[in-house]
Amino acid sequence: MNSSVTVLPPLPDVARLLPRQQMAMDCAVCARPLGASGRVLAEVRHLGLPFRLWVCVRGCPASRPAFLAI
Ligand SMILES: [Zn+2]
């Protein structure tokens with residue numbers, strides 16, 4: 001057992017995100033407005049541009065990420 005290994009959830013596909021999610025206005029996972037809170041999930045590149053994916057600071061309220069339901 002290696003307790004330092006963190007299992008990460010699958011990253012959303014930037015190409016499938018809504019513009020508001022790409023612009024870090026809404027959560028990249030559940031699409032809820034982030035407001036003043038949020039945390040960086042990952043930094044990815046899409047079409048040669050860097051995107052910083054933001055998610056709910058306390059975890060998404062939805063039991064299943066919206067992008068997995070597509
Ligand atoms: Zn969320």
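A loop proline and its surroundings

Reply: The chain has 1 helix and 2 strands, where helices (H or I, at least four residues) and strands (E, at least two) are DSSP runs numbered from the N terminus. Their order along the sequence is α-β-β. The model is predicted, so local features need pLDDT of at least 70 and side-chain atom pairs pLDDT 80 or more, while totals for chains, interfaces and linings use all residues. Residues are numbered from 1 along each chain as its sequence is written.

The part examined is Pro 33, in the loop between helix 1 (19-22) and strand 1 (39-46). Pro 33 counts as exposed because it has 10 C-beta neighbours inside 10 Å; with C-beta atoms placed from the backbone, exposed means 12 or fewer others within 10 Å, buried 20 or more, and partly exposed in between. Beyond four places in sequence, Pro 33 is in contact (C-beta atoms, placed from the backbone, within 7 Å) with Met 25 and Asp 26. Val 55 is 22 residues away in sequence, with a C-alpha to C-alpha distance of 9.5 Å from Pro 33.

Val 55 belongs to the largest nonpolar core, 8 residues that also include Cys 27 and Trp 54; such a core is a set of buried Ala, Val, Leu, Ile, Met, Phe, Trp, Tyr and Cys residues joined through C-beta atoms within 7 Å. Cys 27 touches Val 55, and among its other contacts are Arg 32 and Leu 34.

Strand 2 (residues 49-55) runs antiparallel to strand 1, joined by 7 bridges; pairing requires at least two DSSP bridges. Of the chain's 70 residues, 17% count as buried.

Methods. Contact = placed C-beta atoms within 7 Å.
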